[in-house]
Each structure stands twice: as structure tokens, then as C-alpha cells.
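Welcome! Here is a friendly walk through one structure, told as questions and answers. Take a look at the model first.

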Amino acid sequence: MSKTPLLDGLKRYAKKRVVAFDVPGHKQGKGDKTLIDVFGAQSIQYDFNSSFHLDNLGNPSGIIHEAHQLAAKAFNAKHAFFMVNGTSMAVMVMILASLKEGESIIMPRNVHKSALNALILGGAHPIYVNPQMDKQLGISCAMDADDVINTIQENPHAKAVFINNPTYYGLVTDLQKIVDVAHHYGMKVLVDEAHGAHFSFHEDLPVSAMDANADMSSVSLHKTGGSLTQSSLLLCNESMDYHHVLQTINLLQTTSPSYLLMASLDVARAKLQDEGHEMFTKIMELSNYARHEINAMGGYIAFGPDRIGQLGIFGFDHTKLSIHTQGIGLSGKKVYDILRDEYGIQLEFGDVSNVLAIISVGDRSLEIERLLAALQDIKERYAQEGHSQSIQEFIQPQVQLSPKQAYSRESEMVDFSQSYGRISAEMIMAYPPGIPILSYGEVITQAILDYISFGLSNDQFLMGSHDPTFTTLKVVKED
Amino acid sequence: MELWYTEQQTEHVRFSIKIKQHLFSSHSGFQQVDVFDSVEFGKFLTLDGLMMVTEKDEFIYHDMIVHVPMATNPNIKKVLVIGAGDGGTVRELLRYPHLETIDMVEIDKMVVDVSVEFLPQTASQLYDEKVNLYFEDGLKFVRSKVNEYDLIIVDSTDPFGPGEGLFTKEFYSNCYRALKAEGILVNQHESPYYPAFERNMRRAHQRISEIFEVAQVYQAHIPTYPSGHWLFGYASKGIQPINEHVNTWKDYGLKTKYYNPALHIGCFALPTYVIESLKEEYHD
């Protein structure tokens, strides 16, 4: 059984029955029992604040430091840091710790919002790579490693490469190849590994960022690793300076981190070390079984390793269960809604053409059979004639100002038709497939205006705009 | 020393039987399986600590889950039984010589094995040549079947353990497709009395009613089940539960301890509070 120094420290501290004249004010539920009634005595009993015995997340030297070291070892990293502000913050720390204002970073166009937010805070310049599109499935794939390498060679001044690996759908790029080339050019490789917390624990899963020798990685342990929601890990290799990373974390992170979240990271890491291999073997079996059965039903496509080798797809995470639904004439969103409303089954998401089920340690074959029976039933009862899917290409952005410059300048709302040629002061995303059409500091081109018009008349969700009717767009004021 | 089996029937109600001997105890991977011997009820089987079948009162349950549907249609040839690992349902079905095939799907092989070993009264005919035994999830088995069965009997546990999937819309809907045009579905339908069971009852009835043309409920009195008042669901694509065939059932010449044609008609007459509860819409 692996050690859990942080959990053990909490237990020891609780046993001391220390008289608490410090925060939190609920004093472990002594005065008002409401929290205990709602969440249980055990959890409230451990809701402490940093103190001499319990260490300090901002400058760890005791039980948190020990827990960090064990986590680093488990994930084959030099350093690990517990994050209580989610993986979004870990992503921001990676970018802020690696780039100074005005430096450039290569990143996929469909990067998570947290990465763009880090550009606004830190002033780095984005150089975008368009991920490949799978037109049959209507999804964006990982970045093709060759596209990334071309971009590196065209922009040797860039300081870092940012990669989403795996994608939400479980597709991975050739990470090792990108790391080798990027390091040759002296660039750091930062990996958003939010959906790959389990990669370190099974040889049949794609290579993890740390194993591929990337410089930093953000791992959502709460997604597929079993810790509490909002808890996450930031991992670094020896190329990163520990104190610089810690300092950057402390710019963003709360000074009152929750010990429940931190202890859950400690416990989840120990569990992964002890039983992760067995767990993920079982999860892959369940997922592969479900994929096989769904493909045998006809109509649906539960895609998997068959897509490796095309569109830059280098590997596949077998724990993921994505199902293309257009073959029964229904959008993924429709199937997602029917499953929830008619069958009491909640999936992770549904988009124009696909639904995604997260299969995790919590699942048994009983639940898988319910999903399969419901999908069969939906096919029999709701299938209809072909459904059109409009999948848009990425538009190559023209970045005029850094996101930070655009964000900090005066802005104004101008008429949609008058916005041509102006610089955007907002970010507009198209869902699906989660493509940013426009971001801070980018020139509004005719292609972009056409795309927005098309999206509006085709019931596509366009999100993030200041004016949801798109009568006006928010642009940087001209001097 | 006294040894008692106690079932927590609700948070505030317990039901106990004095035990002569604890004959078997093991976890199957699906559920905790136990067999006891008692003076009052003979040998009995529990799953996850909940009463499934006793030698003394099993005739009530098995008469009612089998003879009611069999009496409504003399042309039943092929039957699917889901659950029913103790074998009592199959035993009663095999008394109809015109019946050709019984597919029985039990998720937990251990239930069949211990029944064969300790409860031969119910399990003795599980390996009859007309019976095909499948050890798998009923939900999975029925998913691929279309227009195949005249009768489906769902003899399941409560919807909290491995039996949960057998109370779902996807299950009933797939059963509907697995049935022929004259098909009938009969299921263990929980109880109207204690609130937790009453919710299960209403939910099952609502889901079945949404799918089947005919959906009715009938009752029996089972001493060892919570409240003693137990229900069964009768659903079909058209055959009514009370019809001209019921009176000719006696021509089969079967001797039964609980079931008879008059009771068949009577068991569909429900207490007022049950009728009202079944009418009430179920919300999760």
C-alpha cells in the first residue's frame, strides 16, 4: 500500500484535538451541525487551514512537500505541485512560467480557454496550428506532429510549444516526435494533459507527457484519476526551475487551499499506484466491449484505434467511448438529450455528430449494459433518414496584437457590417466543433464575417461574444 | 444461544426468522448469497441479505408469476425467463407439456448453483432438456432478440442491486421487441405499502404503460416479503389478462396450492389506495 503522508497528517492532527482559534470558522462543525449533516462528520473534521503541523501549499516543506514528491515519482516527473484551482490554473502556470511578455508560443487553434487567458495575463504572442479535421466524424483531431514541426521550423524564435494531448475524444498526436524537435530548437513543450491523468499507469495507454520528456504537463487528476472535482496536478521535468514555478503558482493560487481537495490528490495518487494498472485494464475491457457491441448494432460508429495513422492521429486512448450518431439520422446532441430525458443516462457531452461517455473506475458492466440497451432502443425508436452535418474548416487567424495588448486597450462596439478590417477585442467560439473563430488581437476578415453569418443561419452555437445577436462586434478602438 | 436472520425491510421495520443453521455464505462478485435453514419457513435463500425464496411460501410467488400468464393464452410455446435462479418459475412452467422452449437468463451462476445444492424443491428441473440456461445480464440478452418469445417472465431482485437494469425503460422496450404479436410480459412488481417499494412499483408501472398496449397489475400475499402484500405486472400487446381462456385452465388438470381461475379474476381487483397510487404520475 503506497504512502499517503498528507492524509495521514490530517488524521494525526484531528486526533490531537487541538483547540482551534484559527480559521475555518465552522471549527470542524462544532457550533453548527449543518455542514456535518450535509457532508458527513469525517469530511468536515478534516477541513483545516494551513498550520505548523499541516504545512503550507504556498511554500511546502512538510507533509505537502512529501505528498508532492510521491506524486512526482508516480508520474515520472521531477516535481509535482498540487493544484486546488483546477487544471485551468495549471495550464496558466505552465504558460506564465515559460514565457515572458512579447515572446511567442506555438499552440493549437482549438486550445482551451485557460491557455488564451494566460496569454492575456502574460502578454505572450500565439502562433496557431490548425488541428486536422475528421470530416466523416465531424470532429477536430489532434495537431498533426508534422504540422507542428513545420511551424517550429518556420518560427525558430518561439519559446514554447503547447499541445492538447489527448483530445477530449481520446486522440493523441506523436508527442515524442514533437518534443524531440522542439527541444532541438530550444523550445519548451507544455502539455495540456487534462484528459490523460491515467496515461502513466498502463502500458496499453498512449505515452504520458512526462514519459515523452515534455517540460511541463497539467493533469486533471479529478477527471480520470479519482480525486475530487477542482483538484489537479502540475508536473515538471528537471528543465524547469522549481522556485520559479512555485512563485508563478503563488501568483494565481488561493492562500487558503482546501485540505479535502489536497488529501484527495494524495489518496488518488496512492490508489493509482497500487491499483491503477488493474483498474485501467478493466476500464479498457469495458470500453472495448461497448465499442464492439455498438458497432455491431449498425448505424452508430464507436470509433477507436481504427483511425490511427490518418489525420495526424498517432494513438488512441482505449478508455474513451465516443459514438458518432449521424448514421441513425440524429445529432449527438439529440441522442445525448434522449438518453438523459428518457433513460436517465447522463453522458459527458453531445455535439453535432457525436456523444462521449466517460468510462471510469466507478463503472461496472451493469451500467455499460444499460447504455447499450438504451442505444439499441433509441436506434429502433428514433432513427430517421440522413441528417446533414456541416463541418467548418478552421480559418487561419491574422494576429495583429497580442491578446494582452488587445485586452488592455480601449474597445468599442461597432456594427457587424462596419467591423471589417478592425481588430477584435473579444473571443468568439463556434460550438461545435469548438473552433475559435476570432480571438483578442485578431483582424476581422471577410472570411470570418462570412463564417459568423453562416453559423447564425445554420443554428450553430456561437459563444463568447459581447453582443449575442451579433448586430455589433467588440473591437479595439483606433487611435 | 439463539441465531436469528433479520431483514431490515425499511429503515424502521425489521423482520426476523429464527435460524437452525446457516448453510451457505459467499459473495458471488455480484451480490452476497446466503442459505439458511429454519423451523418456520424451512430452507431459504437471501441475496444481499434480502429474502428471495423460502421452501414454505415459495408456492405463492411461483404459482402467480407463471399460471396467471399461462392461463391467458393457450398458445404459449417459447418463454424467456429472466432472473429466477432458484428454479421455481421454470419448475411451474414445465408443468405445461405444450410449452416447447424455455430460455432462462440469470446473471449470477452462484444463485443457480446454491439452489441446486440446497433448494432442490425449486431447483430440481433447471437442467431439464427444454431449458436453455444462460448466465449473463438479462438486459444484454434481450437487446438482440426480435419477435421471438410468446412470454417473458421477469423474476428479478429489487431494483437496487444487479436487478436495477431490469426495471428500466430500455429493458421493457427491448422486451417489447423480443415478444411476438401475441406476447405477454409478466414481472415482479414490488409492493404498494412501504414508500420505497411503492415508488419502485409506480415507476415500473409507468414505464411499462408507456410501452405496452395492455399494462395491469395483480396481487398476492407472500408472508416473507416486506408488508406481505406483493404485486406482479401483466403487460401485453393485446391479450387481456382476464379472458375466455381463464375458465378452461382447469382442463390442464394441474394441481396448485394458491392459484385457481376464480383467484385469477380476483387478483386483478386491487385495493383503492393501490389503484390511486398506480394512477399517480411518477417523477424521479
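## Getting to know the model

Q: In which loop of chain A is Ser61(A) found?
A: This is a predicted model. In its chain A, Ser61(A) is placed in the loop between α3 (41–45) and α4 (63–74).

Q: Is Ser61(A) buried or exposed?
A: The relative accessible area of Ser61(A) is 62%. Exposed means over 50%, so with 62% Ser61(A) counts as exposed.

Q: What distance separates the C-alpha atoms of Ser61(A) and Ala263(A)?
A: Along the chain, Ser61(A) and Ala263(A) are 202 residues apart.

Q: Is Thr319(A) buried or exposed?
A: Thr319(A) sits in the loop between β12 (315–316) and β13 (320–324) of chain A. Its relative accessible area is 4%. Buried means under 20%, so Thr319(A), at 4%, is buried.

Q: Which side chain is joined to that of Thr319(A) by a polar contact of 3.3 Å?
A: Not counting residues up to four places away in sequence, Thr319(A) touches Leu205(A), Ile283(A), Met284(A), Ser287(A), Ile359(A) and His198(A). The polar contact of 3.3 Å links the side chain of Thr319(A) to that of His198(A).

Q: Which strands stand at the edges of the open sheet in chain B?
A: Seven strands form this open sheet of mixed pairing, in the order β8-β7-β6-β9-β10-β12-β11. A strand at the edge has a single partner, so one side of it is left without a neighbour in the sheet; the two edge strands are β8 (131–134) and β11 (214–221) of chain B. On average, neighbouring strands of the sheet are turned by 15° against each other, direction ignored.

Q: Which residue in β7(B) stands opposite Val81(B)?
A: Strands β6 (residues 78–83) and β7 (residues 101–105) of chain B pair in the parallel sense over five bridges. Opposite Val81(B) stands Met104(B).

Q: How much area do chain B and chain A bury between them?
A: The contact involves 14 residues from chain B and 16 residues from chain A. Carbon and sulfur atoms hold 50% of the buried area, which is about 1400 Å².

Q: Which residue of chain B forms a salt bridge with Arg370(A)?
A: Six salt bridges are found across the interface of chain B and chain A. In the one made by Arg370(A), the closest N and O atoms are 3.9 Å apart, and the partner is Glu164(B).

Q: Which helix gives the most to the side of chain B that touches chain A?
A: Both α5 (138–143) and α6 (169–178) of chain B supply at least two residues of that side. The one that gives the most, with five residues, is α6(B).

Note on methods
Residues numbered from 1 in each chain as written. Chains lettered and ligands numbered in written order. Predicted model: local features only at pLDDT ≥ 70, side-chain atom pairs only at ≥ 80, totals over all residues. Heavy atoms only, no water. Helix = DSSP H or I, 4+ residues; strand = E, 2+ residues; numbered from the N terminus. Buried < 20%, exposed > 50% of the residue type's maximum accessible area, 1.4 Å probe, protein only. Pairing = 2+ DSSP bridges. Axes fitted to C-alpha atoms, helices over the stretch in contact; angles between N-to-C directions. Polar contact = N/O pair within 3.5 Å; in protein donor to acceptor, adjacent residues only side chain to side chain. Contact = heavy atoms within 4.5 Å. Buried area = accessible area lost by both parts, 1.4 Å probe. Salt bridge = Lys/Arg side-chain N within 4 Å of Asp/Glu carboxyl O.
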